[in-house]
Amino acid sequence: MEKLIYEHLDEVTALVLFGVGFTLLLVDKNLIKKIIGFSMMDSGIYLFLASYGYIESRLAPIYVNGNTNPDAYVNPLPAGLVLTGIVVGVSVTAVMLGLTVRLYQRYRTLDMDEIAERIRGEGK
Amino acid sequence: MTMTWWQNLPLFLILCPLMCAAICSALKGKAARIVIAALSALECAGMGVLLYYTAKGNESFVYAMGEIGAPFGNELRIGPLEALTGLGFSLVLFTAILGGWHRLTKDVAPNRMNLYGSVTCLLTSAMAAMVFTNDLFTAYVFIEISTIASCALIGASNKGKTLFSAARYMIMNLMGSGLFLLGLSMLYCLTGHLLFPQLGAAVRDLLEGERYSIPLYMSFLLMTLGVAIKSALYPFHTWLPDAYGNATATSSAVLSSMVSKLYIFLLIKIFLRAAGWEVFARRIEDVLLLYAAAGMVMGSVHAIRQKHLTRMVAYSSVAQIGYIFLGISLGTEAGMAAAVYHILAHSAAKAMLFLSANRLREASGDEDTFAALRGSALRAPLAGLAFTVGACSLVGIPGLGGFTSKLYLASAGVEAGGLRMAIVLAALAVSTLLNVAYMLRSVLTIYRKKEETDQSILCKDRLFAVA
């Protein structure tokens, strides 16, 4: 078991990050902490993808010094996926933060339960 | 490879809304609204042309972006199934924009109208892309685009309630897409492919060699779970009633009949083209079947208990999503066909219900409790008729869409046999009964005259009886 963890340290770290982030997003009441959780969850997945894209002793997929052997380079696709994922994650975080600012301006709290309570009060 | 002109349409249908989104943000509110109406009409026309040509030869074609070939490039794949679903969704979009036109001006501030148009365009583009794409990661990117766009649609009216429901919608959806992305990454690491046909071949290879079967099941399970959360399958439905019930009419119609169904359609595509669902030895399907059956019953039970019309319609969505997942979970071709048919039938019926409920509400002084809605169909006869037709379709009156899809579901269930058949038929029967209960109640309510007159008539009758 220990050996397995050491050999796959990247994946284990990635999944722990994902788990922590997912739990924060699900359980925590604070909106900002939820957003932090989302970022952690996404980072976990990026680490997972990036660690698969990295092969030791291979070069970044940029053509240098006339080396045309494809085995000398890593596959550029995982890095591309991570980049796209980061862009998506940033825009989602921006939208979430925007919503949080609006909600905070209106209700002066970041606690989801309390906001729900105040909305119920508003309705009466 | 020679291409005919209509084979370029799919890319156009994806890119044109994106361009319109940019244009809309610079326009004035009124012009933006006209742009989105025109755009959705254009989408309908494009999808119609695609459906005509693909169905004529009953063939599908692959559009390789930038003419980069299979394992490296990005592809779109269009067959009759994709064209038909796309046409259904664009028709719903068109109806929703026209039907909620009046309401939109009331709920959305005039200086924000152009942004509303802009996100609607983004959503249209995401719809076309998710229907056509042949690539898993492209699908993920457009899932996120549609999540952001639908969050903006819910929060458009800028009231405290809608902002809060938008935040809740976003949080649940982020969990869903997080799980989907994790499943996708695992699948990519296992197979090294993202395009559906190559992915499918790699998955079959792995399964035949009995290698990595547990991670493979896990990755598909994660993706299914992600889609289930995002489309509000029963235990994950908590975000749905607030989001649909509080948003403006166009938004709730679009969200309930297009966005949530899009994710399910994507899942069907994944199972159909990439996973080869009969290989799965019914591991995912049995869990799905139970959730779906629970959703069909519990969604209806919740719907009965609602006091507001829009919230009742929203809860009935939970039950209907259950129907669709029931079809998928049978894991047979007949079940899949029933699921796709129900996606289309329910899209049409649900959009109609939300829009007519909105009209009825307007005719009753902007209140949508059942007490206020009494007799509203007499005040707005067309909306009343539309509501009745939609309700009958959901209940499954013969001759309407809902009946046919229930028939397909039942026959697919019978074909599956055994315990599955029992569960399917029992869930269908109970759910239909409950449907009748709440739909009939609302239809009767909207056609009944105000309470006071009601009772006075009753009193007169009694007097006559006594006399």
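Which side chains meet in a salt bridge with 3.7 Å from N to O in chain B? In this predicted model, the side chains of Glu82(B) and Arg77(B) form that pair. Both Glu82(B) and Arg77(B) are buried. Arg77(B) and Glu82(B) also belong to a network, joined with Lys269(B) and Arg273(B) through salt bridges that share partners.

Over all chains, the count of salt bridges comes to 8. One of chain B pairs Asp242(B) with Arg168(B), where the closest N and O atoms lie 3.1 Å apart. This pair links distant parts of the chain. Asp242(B) sits in helix α10 (residues 240-246) of chain B, and Arg168(B) in helix α7 of chain B. The two residues are 74 residues apart. Arg168(B) has a relative accessible area of 26% and is therefore partly exposed, since that class lies between 20% and 50%.

In chain A, a salt bridge joins the side chains of Glu117(A) and Arg120(A), at 3.7 Å from N to O. Both residues lie in helix α5 (residues 112-123) of chain A. Because they are 3 residues apart in that helix, about one helical turn separates them. Arg120(A) is exposed, because its relative accessible area of 52% is over 50%.

The strands of chain B were examined next. Strand β1 (residues 61-64) of chain B pairs with strand β2 (residues 75-78) of chain B. The pairing is antiparallel and runs over 4 bridges. Tyr63(B) stands opposite Leu76(B) of β2(B). Tyr63(B) and Phe61(B) make up the covered face of β1(B). Val62(B) and Ala64(B) make up the uncovered face.

The interface was then considered. The size of an interface is often given as the accessible area lost when the parts come together. Between chain B and chain A, the buried area is about 2900 Å². Carbon and sulfur atoms give 85% of this area. Salt bridges between chain B and chain A number 0. On the side of chain B that touches chain A, α6 (136-154) and α7 (160-191) of chain B each supply at least two residues. α7(B) gives the most, with 19 residues. By class, this side of chain B has 20 nonpolar, 4 polar and 5 charged residues. The contact takes 29 residues from chain B and 34 residues from chain A.

Methods:
Residues are numbered from 1 along each chain as its sequence is written. Chains are lettered from A and ligands numbered from 1 in the order in which they are written. This is a predicted model: local features need pLDDT of at least 70, side-chain atom pairs count only at pLDDT 80 or more; totals for chains, interfaces and linings use all residues. Side-chain values use heavy atoms; hydrogens and water are left out. Contact means heavy atoms within 4.5 Å. Buried area is the accessible area (1.4 Å probe) that two parts lose on being put together, summed over both. A salt bridge is a side-chain nitrogen of Lys or Arg within 4 Å of a carboxyl oxygen of Asp or Glu. Ala, Val, Leu, Ile, Met, Phe, Trp, Tyr, Cys and Pro count as nonpolar, Asp, Glu, Lys and Arg as charged, and the others, Gly among them, as polar. Buried means under 20% relative accessible area, exposed over 50%, partly exposed in between (1.4 Å probe, protein chains only). Two strands pair if DSSP finds at least two bridges between them.
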